[in-house]
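Trainee: I would like to go through this model with you. Please set each label against its definition.

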Amino acid sequence: MVLKRLIMLLIVAALVLPASLFAFDDWDDFEDDGFGGWDDDPPRDDPFDDPDPFDPEADLGRREDERRRDSDAAMQDLLGGKREEEKDELDILKPFKEEEKPVAAAPSGFKPILLVKGGFTLFGQYQHKNQPTDPKASTLGLMFGSVDEGLLGGEYMGKYVIAKGTMNLRTENPFISKPEVVNNPLKGMNYHTINSGLHHGLYELYGGIRLFDGLTIRAGKMMPEYGLIDTHQKLGMGFANPNLTRSLTVVEGYIPETDEGFALGYRGTFRKDHTILAGFMIGTGSVASPWWETDKTMGIYGRLGYMHEYFQFAVGFQYRQDYYNKGGNIKNLSLIGIGVHANASIAGFEMPVTFDFNNFGMIEEQPGVKIKAAQNILLSLAPGYAFSFKSDWADKFALALRFDLVNGVYKSGATPANYQLFENYTNSGMIFRIGATANFFVKEFSGIGSYAGITFLMQPGNEIAKATPARPKENDYGFTTIMLSAGAQY
C-alpha cells in the first residue's frame with residue numbers, strides 16, 4: 001500500500017516540477033515594464049517621472065501635476081510676476097508655418113521723379129509806358145494761374161549703368177514772358193523751357209556709365225555742370241514763383257537750363273558725411289536771335305563742390321559762345337561766368353546764397369558796328385526757418401525771405417529781337433526783388449511730400465539809366481504779386 005502511494009507521488013512530481021520551473025523563468029520579462037528585474041536597483045522614489053500612459057493611476061497623477069502648474073502660473077500673472085516657460089514632452093507643437101515669399105521690388109537703383117509746383121496769382125500788377133515820351137506809366141493788373149515746375153520722369157542709378165529722363169512742363173507766367181513786365185529779352189524769348197509744350201518742355205534725357213564708385217560718363221540733354229542749380233529742383237521752402245525756384249543765374253537767362261552734350265562727373269562720399277562733387281561738360285544749347293542771326297550756343301561748364309548735411313558749397317565756371325554763319329560772315333560773341341553757390345542748414349534754419357559774375361560781348365551799332373564788353377552781377381539770398389511738429393501727419397511750418405540783386409540790366413526800351421544790342425543794356429543799372437513766403441508741409445507718405453502756402457514777391461520800380469542828350473532816362477517799373485501756391489514731390 002505504501003509502495004503504491006510512493007510511486008504515485010513520484011509521477012505527480014515529475015509532471016508539476018518542470019512546469020513550475022518554466023513559470024519562474026518568465027519573470028525576467030518584467031524588465032521591459034520599467035520596474036526592473038530581480039537583480040536590478042530598487043524601484044524609483046517617484047513613479048510619475050516616467051509614467052505609463054496606459055496606467056490610470058499615472059495618468060491621474062500627471063493631470064494633477066498639470067493643474068498645480070497652471071494654478072501657480074495664474075497666481076504669478078495676477079501678482080505681476082514673470083512666469084517662466086516650461087517645456088517638456090507634453091508641450092503642444094506649434095503648427096507648421098509656410099515661409100512667406102518676398103514681394104517683388106522695383107529694380108535696384110530705379111527712382112521715379114515727380115515734382116509739381118504751381119499756384120494762382122490773387123493779386124498782380126505792373127506799370128508800363130506805351131511810349132518812352134509818355135508822362136506817366138499805366139498801371140495794369142494781372143490775375144492768372146500757372147504751373148511753375150512740372151517734372152515727370154525717372155532715373156536709374158545702378159552699379160555701372162546710369163540713365164535719366166525727365167519732362168518739365170510749365171505754363172506761361174507773364175512776370176517772365178512779357179517784355180513790358182521784365183526788361184530782359186532772355187527771359188521773354190530765349191529762355192525756352194519757361195513756357196509749356198513738349199518741344200520746349202524736355203528737361204533732361206541722358207544715359208551713361210558709372211565707374212570706380214563715383215566717376216560718371218554721360219551723354220544726352222543735361223543740366224550744365226555749374227554751381228548747385230540742380231539742388232533747386234525740390235520743394236525747399238516752398239517758393240513757387242519761377243523767379244524763386246531756381247538759381248538766379250538760370251532765371252536771368254545767363255546760362256542755358258539744359259544743353260545737349262557730353263559730361264564727366266564725380267561724386268564721392270567719405271566717412272558717410274562728406275561728399276565731393278566735380279564735373280565737366282561740353283554742350284550746345286539754343287539761344288535764338290533774329291537780329292544777330294544766331295540760333296545756338298556752344299558752352300563749356302565745370303564745377304567743384306563739397307556737400308554735408310549742414311553745409312553745401314560749389315564754385316562754377318562757364319565759357320559760352322553765341323554763333324551762326326551766314327553769307328560768309330562769321331559772328332560769335334563769348335560769355336565768361338564764375339559762380340559761387342552755398343547753402344547752410346542747421347536746427348531748422350536754412351540760408352542759400354548765390355553769387356555770379358558774367359562778362360560777355362554785345363554789339364554796338366553806333367558809330368560803327370563793333371563788339372562791346374558788358375558785365376553782370378547776380379546776388380541772391382533766401383534765409384528761412386522751419387518749425388517742426390510732433391505729429392503723425394503734420395511735418396513743419398516754414399517761413400522764408402528772398403532778396404535778389406541784379407547789377408547790369410536791360411533797359412526798358414529793349415525788345416526781344418535784339419538782346420545782344422549794347423544800346424539796350426546798361427552796366428550800371430540795377431534792379432532788385434524782395435519776397436516772403438509762408439508754407440505748411442505734411443509728412444511724407446509712401447515717399448510723397450507736399451505743401452501749401454502763400455508767396456509775396458515785389459520788384460520795386462527805380463531809375464536804371466540817367467537821361468542823356470540822345471535819349472530820355474530809362475526806368476524799370478517793376479511788379480507786385482501775391483500768389484497762393486501748392487506742390488507735391490516724389
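Trainee: Which residues lie nearest the centre of the second largest cavity, and how many residues line it?

Mentor: Asn183, Asn184, Glu252, Val409 and Ile431 lie nearest its centre, and 15 residues line the second largest cavity. This is a predicted model, where local features need pLDDT of at least 70, side-chain atom pairs count only at pLDDT 80 or more, and totals for chains, interfaces and linings use all residues. Residues are numbered from 1 along each chain as its sequence is written, and side-chain values use heavy atoms, with hydrogens and water left out.

Trainee: What makes a space a cavity, and what makes a residue part of the lining?

Mentor: On a 1 Å grid over the protein atoms alone, a cavity is a set of points where a 1.4 Å probe fits but cannot get out; lining residues have an atom within 4 Å of a point. The search of the whole structure finds three cavities of 30 Å³ or more.

Trainee: What is the volume of the second largest cavity, and how is a volume defined?

Mentor: The second largest cavity holds about 90 Å³ of space. A volume is the space filled by probe spheres set on the points, with grid points joined across faces, edges and corners.

Trainee: Which strand gives the most to the lining of the second largest cavity?

Mentor: E15 does, with four residues. Strand E15 (394-410) and E16 each supply at least two residues of that lining. Helices (H or I, at least four residues) and strands (E, at least two) are DSSP runs, numbered from the N terminus.

Trainee: How does the lining of the second largest cavity divide by class?

Mentor: Six residues are nonpolar, five polar and four charged. Ala, Val, Leu, Ile, Met, Phe, Trp, Tyr, Cys and Pro count as nonpolar, Asp, Glu, Lys and Arg as charged, and the others, Gly among them, as polar.

Trainee: Where is the largest cavity, in terms of the residues nearest its centre?

Mentor: Asp322, Leu335, Phe360, Tyr419 and Gln420 lie nearest its centre, among 16 lining residues. Strands E10 (311-326), E11 (329-346) and E12 (349-364) are the elements that give two or more residues to this lining. The largest cavity holds about 190 Å³ of space. Its lining has nine nonpolar, five polar and two charged residues.

Trainee: Why is Thr258 called buried?

Mentor: Buried means under 20% relative accessible area, exposed over 50%, and partly exposed in between (1.4 Å probe, protein chains only). Thr258 has a relative accessible area of 9%, so Thr258 is buried. Its place is in the loop between helix H7 (248-252) and strand E7 (259-270).

Trainee: Which residues does Thr258 touch?

Mentor: Not counting residues up to four places away in sequence, Thr258 touches Leu202, Tyr203, Glu204, Lys221, Met222, Met223, Pro224 and Gly285. Contact means heavy atoms within 4.5 Å.

Trainee: Is Thr216 buried or exposed?

Mentor: Its relative accessible area is 13%, so Thr216 is buried. Thr216 sits in strand E6. Its contacts beyond four places in sequence include Ile162, Ala263 and Leu264.

Trainee: What makes Glu444 exposed?

Mentor: Glu444 has a relative accessible area of 60%, so it counts as exposed. Its place is in strand E16 (residues 425-445).

Trainee: Which elements have the lowest and the highest mean pLDDT?

Mentor: Helix H1 (residues 2-25) has the lowest, 51, and strand E6 (residues 215-222) the highest, 95. Over residues 19-42 the pLDDT is below 50. pLDDT is the predictor's confidence in each residue, from 0 to 100. The chain averages 79, and 73% of the residues score at least 70.

Methods. On a 1 Å grid over the protein atoms alone, a cavity is a set of points where a 1.4 Å probe fits but cannot get out, and a pocket is an open set with protein on both sides within 12 Å along at least five of seven lines; lining residues have an atom within 4 Å of a point.
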